[in-house]
Structure formats: structure tokens, C-alpha cells
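This report describes selected features of one protein chain. Please keep the sequence and the structure in view while reading.

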Amino acid sequence: MPSSPATPPAPKVLGVAVPTPLRKLFDYRPCQPGPSAGWQPGMRVRVPFGRREVVGIIVECRDTSDFGLASLKPVSACLDSQPLPADWLWLCRFTARYYQHALGDALHQALPVLLRQGRPLEARTRERWQLTATGQAADAASLGRARRQAELLELLRQHPRGVVGSVISAQGFTRAQLRALAEKGLAECREEPLTAAPSTPGSALLAEPALTLNREQATALSELHQGLDRYHPCLLQGVTGSGKTEVYLQLIEAIVAQGRQALVLVPEIGLTPQTLARFRRRFRVPVVALHSGLTDAERLDAWEAARAGRSPIVIGTRSAIFTPLARPGAIIVDEEHDGSYKQQDGLRYHARDLAIARAHKHRIPIVLGSATPSLESLVQARAGNYRHLRLTRRASSHAPARLELIDLRGRSRQGGLIPPAIDAIKGALGAGGQVLVFINRRGFAPTLACHNCGWLAECDWCDSRLTLHRQPPQLTCHHCERQRSIPDACPDCGSADLRPLGTGTERSEESLGELFPDVCVHRIDRDSTRRKDAFETTLNEIRRGEPCLLVGTQMLAKGHHLPHVTLVVVVNADAGLYASDFRALEHSAQLLIQVAGRAGRAERPGRVLVQTLHPDDPHLRLLAESGYDALAENLLEERRIAGLPPYRHMALLRLESPREADGLTLAGEAAGALRQWLQARELAVDCLGPVPAPMERRQGRYHVQVMLSAARRSSLHEASAWLTAWMEQSPLARRARWNLDIDPQTL
Ligand code: ADP
Ligand code: ZN
Ligand code: ZN
């Protein structure tokens with residue numbers, strides 16, 4: 001191709017990242033002929049690997065190998081004529097290094113499925129050839145005896161806007177002839193998408209006018225405008241409904257107007273189709289959405305559109321952080337505190353943290369938005385590393401509702417609700433409002449109990465109770481998904497007096513239906529919304545505004561605009577209060593505030609009732625009386641004293657094995673070896689354990705863990721890298737599955 005430099009001499013060795021958990025490259029010889037642009041890192045190759053052929057990615061081009069050139073197998077084929085995007089490769093390498101993960105597997109996971117399988121990227125674009133200025137001025141006769149080249153020159157001359165490659169070859173011209181013209185500087189080729197989307201610059205950018213910002217929004221936006229061309233991390237803290245999304249939209253407008261791209265991460269796109277719809281309504285340019293509902297082909301198209309710069313706006317969930325961008329302009333992470341940004345298996349990355357790294361690398365602004373920022377981000381803001389922007393006012397006039405704690409102790413309950421809550425619901429419905437009842441337990445009841453002997457239905461595979469479901473009737477373990485039929489009698493004492501214990505969403509739905517027979521009750525949880533459009537249908541019905549009751553799990557708490565809800569009742573706020581996980585309090589406070597944020601978003605003010613067995617709990621009271629900031633402040637201080645993140649950095653070695661002893665032995669040896677090494681290196685890293693995991697038995701396997709923590713990230717990483725290498729080489733490690741989780745979000 002004319003623009004590419006002279007083909008570099010072929011390397012003797014290709015270091016290839018192959019999709020395996022092994023943390024190393026595999027050496028191959030180049031095959032003949034190589035790619036016309038020369039062998040380059042970032043090109044996909046098909047290679048023999050064991051008894052299979054796999055798709056790997058060239059990471060290094062070298063002339064030597066530790067294994068001797070003669071013993072190397074050649075790659076079977078090169079799949080790309082150009083390397084995969086450099087920024088994408090950089091991100092994958094960064095991710096693999098940071099999370100101590102095998103590069104081959106990281107690259108594999110970060111690619112769309114079809115590219116992993118070896119599908120050519122070029123198939124989705126095409127070449128368009130046209131004459132250069134020299135070519136237009138050239139005389140065909142100057143090509144002398146190269147008759148076909150002269151004819152090709154004439155063909156291109158007849159088509160000033162160029163001719164598609166396949167049309168040229170259909171007329172019997174060869175690539176050699178095209179290349180010859182290119183090398184003489186007469187013709188040039190550009191890649192164009194099969195489905196080109198016209199980009200409309202300037203005034204036609206917006207399909208609907210932007211809103212006039214209020215003072216706080218305007219301040220935030222002008223702050224953002226000042227950092228468009230550099231790494232400029234901002235924490236945008238604003239209560240639900242304060243207009244964060246409007247600020248994102250106007251920032252994106254500025255970015256797109258510059259011809260650059262914005263990447264927007266959201267926690268769960270399927271649950272928030274409104275957000276996507278709002279983006280699409282606002283802009284006339286294509287808005288590409290990456291979510292789990294896409295087919296493999298659609299996903300590849302979206303990836304490719306982003307890579308080629310054809311989609312100015314890309315919205316997606318966690319994995320969208322790996323979308324290559326031709327002209328990165330800004331990254332937005334909405335609900336940055338959300339747990340779904342952390343991948344919990346395989347490559348355990350945190351999309352928000354990678355977003356920060358990426359923005360830094362590209363030198364572009366990044367906005368982390370939340371009503372309840374993570375303690376990690378708050379600490380960065382306090383340290384002055386992130387600009388802290390605040391929206392304290394709602395766009396509508398009503399202040400966010402306060403949490404009113406109500407004491408559950410010693411009160412009779414109906415469907416989990418005590419009389420004051422039932423009265424409040426009656427009142428709200430009577431006034432024409434909608435009521436949201438929040439229960440973070442799906443199913444009918446958390447478990448089934450024998451009233452005679454105290455037997456509880458437990459999972460045979462996990463240290464957990466089985467949840468009683470009525471629709472359909474069965475006992476289900478929410479940890480391993482195993483199901484059992486409901487017994488007629490107690491397996492221990494034979495009594496037939498088996499009763500549901502506690503309240504789940506199904507039971508609450510039933511009780512509310514009995515208490516309020518005249519209003520509609522909508523249940524929204526993972527079970528009720530399994531059917532594809534069920535959720536959207538229900539939401540649309542709710543938005544019509546008739547008085548009704550909504551019973552739901554945290555699915556309802558996230559991002560939905562429910563303008564007619566005037567009362568929120570939290571059935572039980574106690575789950576996170578005394579949990580063993582040090583982040584549990586932070587997460588349940590975030591959830592409570594988020595649920596509370598559903599109340600009173602439109603004309604009417606809202607009320608939030610929180611039922612609790614611990615109305616005097618200091619954390620809960622602080623949250624209710626002084627709000628999230630005050631609680632966060634308090635939690636940060638506790639974390640600082642206890643030496644926990646975000647003040648120290650943490651990694652967790654997790655092991656699981658069918659036999660309890662195997663995991664424990666291995667974990668014990670690993671911890672012992674690590675301690676010795678740390679001592680010899682005088683590295684300030686604490687190593688705690690092995691200890692059983694909070695739920696020791698899960699899916700029939702025993703889980704143990706070793707915790708590493710350090711004040712300096714570099715020390716933690718040194719220790720993590722050493723430990724991973726040790727584990728990889730330990731013969732014992734074959735008897736247990738293990739992984740190392742950097743910055744674990746749950747213990
Ligand atoms: P958040 O993302 O913080 O929850 P949104 O941006 O979704 O807030 O705004 C909440 C509601 O207020 C939306 O209906 C939005 O259209 C409206 N809104 C936001 N900013 C303004 C504004 N400056 N003027 C009028 N309405 C606004
Ligand atoms: Zn019994
Ligand atoms: Zn189970």
C-alpha cells in the first residue's frame with residue numbers, strides 16, 4: 001500500500017500470545033508468504049498449539065528464541081494485513097500486567113467473539129481506489145509497456161470518487177497492478193466501511209436542543225470544558241435527578257463537535273434502556289450500544305465502527321472499556337460506585353479503574369458520576385487527584401427525601417411490613433401516588449422451616465439456605481442455582497408443619513395484593529423479568545401514572561426514572577450492617593440512597609421509610625440524619641484506622657478444591673513461601689491467612705483465601721507477581737483451582 005513504509009525485514013521469531021491461562025508467550029517461526037505490510041505486533045495468527053489450532057496475537061517480533069530456531073513450528077497463517085489497534089493492545093497489556101493475568105487470555109477476552117475465532121476484520125470494510133493528484137495529471141502513455149496498468153489508470157480516471165476494490169478485480173485487474181500504480185504514486189487506496197454512516201459535523205449534531213443548565217450544572221460543564229485536551233479526571237457527585245446525565249450529554253456534544261469519540265460506561269444497559277434512548281434522541285450522529293443482547297456479528301460491527309471512528313458515541317457495560325477508539329475524546333463512567341464494573345471471574349478487572357488508566361494514556365477527560373461515590377473515588381477527590389464537582393439540587397424543585405427509620409422490633413408484620421408502613425402506603429395511594437416496596441430478596445421466602453423441630457432447608461452443595469419460590473413452586477439455592485422440590489414433611493422429624501421463614505418479593509407481592517385489593521401490584525425482580533420485554537412493558541405501565549404498588553429488588557433501584565413514586569418503603573435495611581465484608585456497609589448505604597432516590601422525582605415530594613431491627617445503629621443513623629457524605633467520611637476514617645482500602649491496597653488469593661484439605665494445604669504453603677520471600681526482600685506487604693472464605697462451601701467445593709495488603713501499590717504488585725509465579729509452578733496447584741484477585745470488591 002502506498003502510505004505504508006517499506007516492508008521491514010521479516011523477523012525470525014514471532015512471540016505469540018495464545019489463549020491459555022499460562023503467563024508466557026509462545027515462540028513460532030513466520031510462515032511464507034507473510035503479510036504484505038510485514039510482520040507486526042498486534043496481528044492475529046493461526047498457530048498449532050498442542051493438538052489444536054488456535055488464534056493467537058503476535059506480541060513480539062524478534063530474531064532469537066530461547067528454544068533454538070530449528071525447533072520452532074511455523075505459524076499456520078497470518079489473519080490480518082494490519083495490526084489490531086495500538087491503543088487496544090496497550091490496554092490489554094496494561095490489564096494483564098495490573099491484574100496478574102495471562103496476556104493471551106486477556107487479549108482473547110477483550111476481542112469480539114468473531115475476531116477470536118479468526119474472522120477477518122477486513123471483511124467488514126472494503127478498499128476504495130482512486131487517483132492521486134499526480135495520477136490525475138499523468139499520461140497513460142508514460143506507463144509504457146505496462147498496458148494493463150495504463151488501462152487501470154484510465155478506469156480510475158473515469159471515476160473521480162474512486163472504485164471499490166472488488167469491482168476492480170471483477171474487471172480482471174490484479175493486486176500487483178494496483179500496487180504498481182500505488183508505488184509510482186499514481187493511485188491510492190483507502191479503507192471504507194461496508195455500511196458507512198454519514199457523520200454530520202457542526203450545527204446538525206443535535207437532533208433536539210440541549211437543556212438550559214442550572215447554575216451548578218453550568219459550573220460543572222465549564223469546568224469540564226476547560227480540560228478537553230488533557231487528562232482531566234472529575235468526580236461528578238450529584239443526587240439522583242440532579243442532572244448529571246444532562247451534563248454528560250453536553251460534554252459529549254463538545255467532544256463530538258471536535259470530531260472525537262466519547263465512550264460511556266453504564267452499569268446495566270438492559271435495565272436502563274431510557275438512558276440509551278435519551279442519547280439517541282439527543283444526537284443525530286450514530287450512538288453505538290454494546291450490551292449482552294447483541295449477536296456476535298452486531299458486536300463485531302459495533303467494535304469495528306468504534307475502531308474506525310465511525311461511531312462518535314459508544315455506550316456499553318463493563319466490557320465496553322475494551323472498545324478501541326480511533327479518536328478518543330472523553331470517557332464517562334456513570335454510577336461509578338456500581339459493583340457490576342468489577343468482573344468477578346476469569347480476568348478480574350475493574351472497568352472504572354481501567355477507564356482512569358485509559359483516560360490517562362489518551363490524555364483525555366474522564367467523568368466519574370454518582371450520587372454515592374465509592375470511597376476509592378472520594379479519597380482521590382480529597383487528595384486533589386480528581387476534581388470534585390457537585391450537583392446538590394434536583395432539576396425539579398424537590399430536595400431528595402430523607403430516610404425515616406422505623407423500628408421493626410416487637411411489631412406484628414404483614415408481608416414484612418409493620419402497621420406504620422402499611423398506613424403510610426394507604427396514605428400515599430389515597431393521594432394518587434405510586435409506592436415502591438424494596439426487598440432485596442427474590443423468591444417467596446428466604447427459606448423453609450419446620451415449626452416442630454427447627455429444621456431449615458439447606459443446600460447440599462453450599463453453606464446456604466434454599467430459597468422458597470412459588471412461581472414455580474420449588475426450593476432454589478441462589479448460590480449454585482440447584483433446585484429441589486418442596487418436601488411434604490420435615491425430613492428430620494416428619495412433621496407436616498413446614499412454614500416459609502421471612503419475606504421475599506413473591507410473598508410481599510401476595511400480601512400487598514391482599515392488603516390493597518383495589519390497586520395493581522407489579523413485581524420486578526430477576527424472575528419476573530426473565531422474558532425479554534417484560535421489564536420494559538411493566539415500566540411503561542408504571543409510567544402511565546396510575547396509583548399502584550411496585551415490589552422489587554435492586555433492579556428497581558438503578559437509574560429508572562419513576563416520576564410518580566411518592567413513597568419508598570425499605571422492608572429491611574439490616575443486611576449490610578453486620579456483615580463480615582468490610583465493604584458491606586458502603587454498598588448497602590449506596591443502595592439505600594439509590595432506592596430512596598426513586599421517590600418524588602417529579603412534581604410531588606417523596607417520603608422514604610426504612611424498616612430496621614437496629615434503629616440505633618450509629619452508621620444507619622448517620623446515614624439517615626446527615627446523609628451519604630457524612631457516612632462516607634465516617635467509613636473512610638474507620639478504614640484508615642483499620643488499614644483497609646482505599647488507604648491500603650489489597651489482593652486476594654482464592655483457592656477452591658473438592659477436598660477441604662487440598663486447598664488449605666496449598667494455601668498454607670503458598671502463604672508460608674510468600675512470607676519467607678517478603679522477609680528476605682524486606683518488602684512491606686502483610687500476608688494474612690489462609691482462612692476459610694466467608695461462605696466456605698459453595699457448589700460442593702471448599703474455598704479458602706490468603707489476603708495480601710500493602711500501603712504501596714508497587715510492593716503489592718511485586719508480591720502478587722511473585723506469588724502468581726510460585727502458584728503456577730507448584731505441583732500442588734493442580735489439585736485446587738486458584739486465582740489472584742487484585743483490588744477485590746468482595747471478600
Ligand atoms: P441524573 O442523571 O443526575 O439522575 P438527569 O440528567 O437524568 O439526572 O436529570 C433528571 C431530570 O431532570 C431529567 O428528566 C432531565 O431531563 C431533567 N433535567 C436535567 N437538567 C435539567 C435542566 N437544566 N433543566 C431542566 N430539566 C433538567
Ligand atoms: Zn422437623
Ligand atoms: Zn447451593
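## Terms and basis

Two strands are said to pair if DSSP finds at least two bridges between them. Strands (E, at least two residues) and helices (H or I, at least four) are DSSP runs, numbered from the N terminus.

The model is predicted: local features need pLDDT of at least 70, side-chain atom pairs count only at pLDDT 80 or more, and totals for chains, interfaces and linings use all residues. Residues are numbered from 1 along each chain as its sequence is written, while chains are lettered from A and ligands numbered from 1 in the order in which they are written.

Strand β3 (residues 44–49) pairs with strand β4 (residues 52–62) in the antiparallel sense, over 6 bridges. Within this pairing, P48 has E53 of β4 as its bridge partner. The hairpin of β3 and β4 has 2 residues between the strands, and G50 takes a positive phi near 60° there.

Strand β3 also pairs in the antiparallel sense with strand β5 (residues 77–78), over 2 bridges. Here V45 stands opposite C78 of β5.

## Helices α1 and α2

Helix α1 (residues 86–98) packs against helix α2 (residues 103–110) at an angle of about 130°, and their axes are 9 Å apart. Axes are lines fitted to C-alpha atoms, for helices over the stretch in contact, and angles run from 0 to 180 degrees between N-to-C directions. The angle makes α1 oblique to α2, since angles under 35 degrees count as roughly parallel, over 145 as roughly antiparallel, 65 to 115 as roughly perpendicular and the rest as oblique.
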